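Visitor: I would like a close look at a single part of this model, followed by whatever else can be said about its surroundings.

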Amino acid sequence: MEKDTYRRPAAGQHPANLSPAYKSTPTRSPKQPAIVLPQSLSEITGPSLATERLNALESDLTKQRMGEPLGERIVVHGRVLDEDGKPVPKAMLEIWQCNAAGRYHHPGDQHDAPLDPNFTGGGRARADEEGKYEFITIKPGAYPWKNHHNAWRPAHIHFSLFGPAFATRLITQMYFPDDPLLGYDPIYQSVPEAARKRLQARFDIETTRPEWALAYKFDIVLRGRNATPME
Amino acid sequence: MSHVLTPSQTIGPFYFGTLVNGYRADLAPAGVAGERIELVLSLFDTEGVLVPDGLFEIWQANSHGRYNHPDDRRNLPLDAGFEGFGRASTDMKGEAHFTTVRPGRVPWPAGGEQAAHVNINVFARGVLNRLATRLYFDGDPALAEDPVLKLVDAKRRPTLIAKRDAGGVWRLPIHIGGGRETVFFDV
Ligand SMILES: [Fe+2]
């Protein structure tokens with residue numbers, strides 16, 4: 001039997017598909033266990049999106065429209081690493097978020113909070129050779145979401161990453177440190193307790209830009225490769 | 001020092017703009033070699049209700065069976081303009097449409113070849129972890145010897161096999177659960 005190229009997540013690292021407190025999951029989670037697939041070329045390859053041309057405005061969500069969006073300007077930065085701490089160079093990151101008032105620029109979002117004509121909330125960036133990335137944005141607001149009585153999502157930014165392979169694909173959410181709403185959020189709490197903190201960015205005074213913006217650091221860890229057996 | 005994986009979270013209902021803009025569901029512009037095919041994937045929840053806020057991604061080899069990726073080191077042609085990646089959200093009918101080329105066969109690590117297939121990711125509100133599955137082509141004689149289908153209970157194999165409709169479109173309904181639950185893979 002050939003050895004898998006990418007390590008498999010240990011139990012407790014990801015949320016359970018069926019997390020009943022998050023009320024959309026009972027009708028949207030498979031009952032049968034996933035079949036473990038030995039990794040072939042289909043799983044160890046994946047899109048690099050190398051031909052996607054990104055412009056600088058895509059990683060600065062405050063400069064995509066005519067004027068400046070309202071809200072607290074922030075720097076969100078970090079590194080994309082694998083489980084061995086090695087950088088994932090040139091990784092494509094995509095983010096989306098609501099505005100400072102807690103409203104998404106999306107026709108499906110009917111929350112009674114103002115839209116900001118200067119903020120769409122979408123961005124892309126490509127990590128550098130050391131896996132470093134940076135976005136400029138505004139701090140998203142909390143928003144109500146009807147999952148249960150008085151349900152509010154903690155402020156969060158959605159992140160989508162490809163990494164090097166189909167096997168390493170990840171969509172996640174970044175939260176802000178010590179947000180009191182984290183204790184009440186079934187989506188955040190769907191992650192086993194020991195692993196949850198990984199989803200909280202760290203307040204980063206060193207990267208804060210004086211007179212301009214606070215900074216948060218969010219490192220993202222994708223699946224690492226198994227050691228290559230010695231010949 | 002070992003680093004701990006970042007946990008997965010749902011895509012949520014509001015990904016619309018960023019993730020989909022800029023990614024056509026047409027993977028194969030003119031000039032790309034191979035048989036042009038149209039794929040329609042549809043998404044249903046565990047109660048058979050269509051999912052209008054889902055997102056499908058597909059990843060496939062080109063018609064020569066070559067993946068556009070540095071870890072596919074075989075000496076087979078790459079097609080300019082064909083990466084093999086597509087993304088489309090489901091519409092009000094729960095459907096996502098792609099046009100692409102029929103992929104060639106790719107090898108299996110333990111020897112032999114896999115039947116032609118398209119790799120699929122499913123995301124949606126209420127889906128906390130990416131659901132990975134595959135699309136195979138009905139009538140392909142290689143299905144009988146495919147090493148992945150052999151891992152699947154024969155009763156459930158049809159959930160992975162697209163059928164061609166009267167208009168020539170390949171259709172595969174994907175059921176997150178329920179009586180016709182699609183086979184998902186831990187990749
Ligand atoms: Fe959200």
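Visitor: Does A:Leu49 count as buried or exposed, and at what relative accessibility?

Guide: The model is a predicted one. In it, A:Leu49 counts as buried because its relative accessibility is 1%, under the 20% cut-off for that class. The residue belongs to the loop that runs between helix 1 (41-44) and strand 2 (73-82) of chain A. Its backbone is also worth a look: phi of A:Leu49 is near 55°, a positive value in a residue other than glycine. Most residues other than glycine have a negative phi.

A positive phi also occurs at A:Glu211, where the angle is near 65° and the residue is again not glycine. A:Glu211 sits in the loop between strand 10 and strand 11 of chain A. A:Ile205 counts as exposed because its relative accessibility is 54%, and the cut-off for exposed is over 50%. Together with A:Phe203 and A:Leu214, A:Ile205 forms a nonpolar surface patch with about 260 Å² of accessible area.

B:Ser8, in the segment before helix 1 (16-20) of chain B, is buried at a relative accessible area of 6%. Leaving aside residues up to four places away in sequence, B:Ser8 touches residues of both chains, among them A:His14, A:Pro15, A:Leu170 and A:Val191, as well as B:Leu128, B:Asn129 and B:Arg130. With B:Leu128 there is a polar approach: a polar atom of the B:Ser8 side chain lies 2.7 Å from the backbone oxygen of B:Leu128.

Burial extends over a whole element in strand 2 (residues 54-59) of chain B: 6 of its 6 residues are buried, so the strand is largely enclosed by the rest of the structure. Both of its faces are covered, with B:Gly54, B:Phe56 and B:Ile58 buried on one side and B:Leu55, B:Glu57 and B:Trp59 buried on the other. Strand 2 of chain B pairs in the antiparallel sense with strand 5 (residues 117-124) of chain B, over 6 bridges, and B:Ile58 stands opposite B:Ile120 of strand 5. Strand 2 of chain B also pairs in the antiparallel sense with strand 3 (residues 85-89) of chain B, over 5 bridges. In strand 3 of chain B, B:Phe85 is the bridge partner of B:Trp59.

Definitions and conventions
Residues are numbered from 1 along each chain as its sequence is written. Chains are lettered from A and ligands numbered from 1 in the order in which they are written. This is a predicted model: local features need pLDDT of at least 70, side-chain atom pairs count only at pLDDT 80 or more; totals for chains, interfaces and linings use all residues. Side-chain values use heavy atoms; hydrogens and water are left out. Patches are made of residues with over 30% relative accessible area and no salt bridge: like charges are joined within 9 Å, nonpolar side chains (Val, Leu, Ile, Met, Phe, Trp, Tyr) within 5 Å. Accessible areas come from the Shrake-Rupley method with a 1.4 Å probe; for residues, only the protein chains shown count as cover. A salt bridge is a side-chain nitrogen of Lys or Arg within 4 Å of a carboxyl oxygen of Asp or Glu. Buried means under 20% relative accessible area, exposed over 50%, partly exposed in between (1.4 Å probe, protein chains only). Helices (H or I, at least four residues) and strands (E, at least two) are DSSP runs, numbered from the N terminus. A polar contact is a pair of N or O atoms within 3.5 Å; within protein, one must be able to donate a hydrogen and the other to accept it, and residues adjacent in sequence count only if both atoms are side-chain atoms. Contact means heavy atoms within 4.5 Å. Two strands pair if DSSP finds at least two bridges between them.
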